[in-house]
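Thanks for coming. I will take a few minutes on one structure and how its two chains meet. Please have the display open.

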Amino acid sequence: MNEARYSILVVGGAETGKTNYIIRLWLALKDQRGMIRLAALPDQIEDIEADVHRLLSGAFAGRTIGELGAEFVIPFRIDGSEILGELVVPDFSGEEWDRAFLNRQWPESWDIYLEHCVGCLVFVRSNVLVAPLNWVEVAGLLIKARAGEFEGFGDLSPDVSETEFPTQTQVVDWLQFLSHAIEETRDSPPLLRVGIVVAGWDELEKEATEQGPKGYIEKNLPLLNQFLETNDTIFRFRVFGSSVVGGDLKHDDQFRNRYLEGNPVKSGYIITDVDSSPKKSKDFSLPIAWLLGVQGK
Amino acid sequence: MTDTESPQLVACNNPDCTVAETGLCLRSIDRYQEVCPDFKGSAIDSANQTASPSTEIEKDTVPFDLAEPSPRRFWSGQELGIKDAESIMRSTYTHLIGIVGLTNSGKTCFLSSLYLRLCSGKYPLQKYLFSGSRSLVGFEERSVGLRWWEDGEMPDQLSEHTVMSDPRSPGFMHIRIAEATQFCPKFELLLSDLPGEWFRELYLNSATADRLDFLRRADVILLFLDSAELLDPERRHNHIHANRLIVTRIAETIDVDRRIPVGIIISKIDLLKEQELDIDDFEGIDVINQEVTNQGYTPRVMPIASFSCCPELISNGHGVEEVIDFCLSRRIEPPKFDLVPSKKYPAFRSFHMIQSSPEQKLT
């Protein structure tokens, strides 16, 4: 049986929930209940088990697993079939992704994952999301400049690295980088699957969750939504919601106690849009299954 | 180099440039030792690690210690230089929009307004969707007033390339939009982003016209008139006069094809609306319209309010979509003669006409 190698990039700025999702995914794969299951225990699991220890003790992981530049290699099988493969998840920190955007480059070492890249998971999180430009504020600034209330914006120009760019702008550029790099690397670039994961789904207001993950992106990241919808010859995308444990381990003591008294391995959920309405699932491998083309279009 | 000599490393005065490690100049200049203004030929003696200025750097005697592999570099995210624009124009038909106008006439605000209408979710465009851009960072920075022409010496030529750390450079803002229809056709747009001062210098001195040669490749020209100037009786007539001269230079000196559509964009019409005025109240607009017509072009007057001081009367971004409609409405077909373009008469509106070549000007 061929064991194909599939690399999946995990994209997102700092504190967007990438690491905690990977930890939760690892627990789900090991639990052997999802669509994607662990085929064999990887040789090296020291780094991820350190973060698993934190999560099972009632605390979120702080940052990227292990050393920068590490990768997580997971032998997997697909439930109900004999298909085997090796999932490679390189460990790029949010800070590295931020630097890639600001410096307009990424390390050469990232390119080795392009050959077998089937797609990426892009993480956004509401409490660290930088909103799109506020039309009213921009109009106000420019009207003032027009009226001569500013001598010129030159005095206000900060170092570009201090500028806080909207999340949607960064994500679009990351995807453009990825598409461009794959096109340069591979003879027949595949349709790149992009799973947008709205992490911290439990942190959202009820009204925001009612519109589902796709609706959340349409409303809060319109530039990204338009970009993905109009580039269907390059990308295929799907939006998921994710809550790693189903609540707030940091600030909600009651929830934390319930979590520890219960079964942490079965906590949390993934939200998918089914027939335009949000549906909750316990299977954390669903986004991966979709990236591999196993689950749905 | 003898065994007793230590290898020399070279360095660059630009702290962001990794040429010492990679051999690749941040400005993408191949002959950087001779041409790059940041490369001062500082030779670092690797044994003593002190910098000593060198007078001559011989290419073949400068080995590099390639300590780290070179990263994968992407576009700057700012305005595109000529060479950057070229790569886009080679891959697909690209609408080159020549944005013309004096300083403060609303050119940059138009770019910002277009971008905001695409990205903000409020006042979205009705017919178009955002589909990509190589100038995202530039659009963001312009929209919050962070990327303006720097005081001091104004650049006098279009850039060839831009890098992240460059100050604002004359070039092209790139954006791709898609029609919000079933088949979603896409349009690549390159919108020129030039200092208004260039157009003032154009009408004062025809010798400065060469750097605007790209207008001969433009699919459409947008001439911006400033409502604020029109409102002021002491400035109105000079504004009209200057713009008439610009139109004359575009026609007679640059010799833009008469079939290129010309949009006369009346910017900041919120100022007119606030005073219950309309563009019909200004004879000067008719004067410009007539000048454009007399020069052989077919003009169309379009009022816009990129940003409105009275959104209850006229919305933010009013007229911007109509301008885009105008820009995409026609595609000039080449004349049906000379299947093989001669050297004397270069291929109609071929890209190389962007770069000034006096011997190739149409006669």
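**Where chain A meets chain B**

I start with one pair: Glu184(A) and Arg72(B) form a salt bridge, and their closest N and O atoms are 2.7 Å apart. Before going further, note that this is a predicted model. Between chain A and chain B, the count of salt bridges is two. The polar contacts across this interface come to 20 residue pairs, with both residues at pLDDT 80 or more.

Which elements of chain A give two or more residues to the side that touches chain B? They are α3 (94-103), β5 (105-106), α4 (135-146), α5 (167-185) and α8 (222-229). Of these, α5(A) gives the largest share, with ten residues. By residue type, this side of chain A has 26 nonpolar, eleven polar and six charged residues.

Now the extent of the interface. In contact are 43 residues of chain A and 50 residues of chain B. Interface size is often quoted as the accessible area lost when the parts come together. Here the area buried between chain A and chain B is about 4,000 Å², and carbon and sulfur atoms give 65% of it.

There is also strand pairing between the chains. β5(A) pairs with strand β4 of chain B, residues 72-73, in the antiparallel sense, over two bridges. Within this pairing, Gln105(A) is opposite Arg73(B) of β4(B).

Next, please turn to chain B. How many strands does its open sheet have, and in what order? There are seven, in the order β6-β7-β8-β5-β9-β10-β11, and the pairing is mixed. At the edges are β6 (128-132) and β11 (299-303) of chain B, each of which pairs on one side only. On average, neighbouring strands in this sheet are turned by 30° against each other, ignoring direction.

Inside the sheet, β7(B), residues 171-179, and β8(B), residues 186-193, run antiparallel and are joined by eight bridges. One example to find on the display is Ile177(B), whose bridge partner in β8(B) is Phe187(B).

The last item brings the sheet back to chain A. Helix α8(A) lies across β6 and β7 of chain B, and the helix runs at about 80° to β6(B). That is what I have for today.

Key. Residues numbered from 1 in each chain as written. Chains lettered and ligands numbered in written order. Predicted model: local features only at pLDDT ≥ 70, side-chain atom pairs only at ≥ 80, totals over all residues. Heavy atoms only, no water. Contact = heavy atoms within 4.5 Å. Buried area = accessible area lost by both parts, 1.4 Å probe. Salt bridge = Lys/Arg side-chain N within 4 Å of Asp/Glu carboxyl O. Polar contact = N/O pair within 3.5 Å; in protein donor to acceptor, adjacent residues only side chain to side chain. Helix = DSSP H or I, 4+ residues; strand = E, 2+ residues; numbered from the N terminus. Nonpolar A, V, L, I, M, F, W, Y, C, P; charged D, E, K, R; others polar. Pairing = 2+ DSSP bridges. Axes fitted to C-alpha atoms, helices over the stretch in contact; angles between N-to-C directions.
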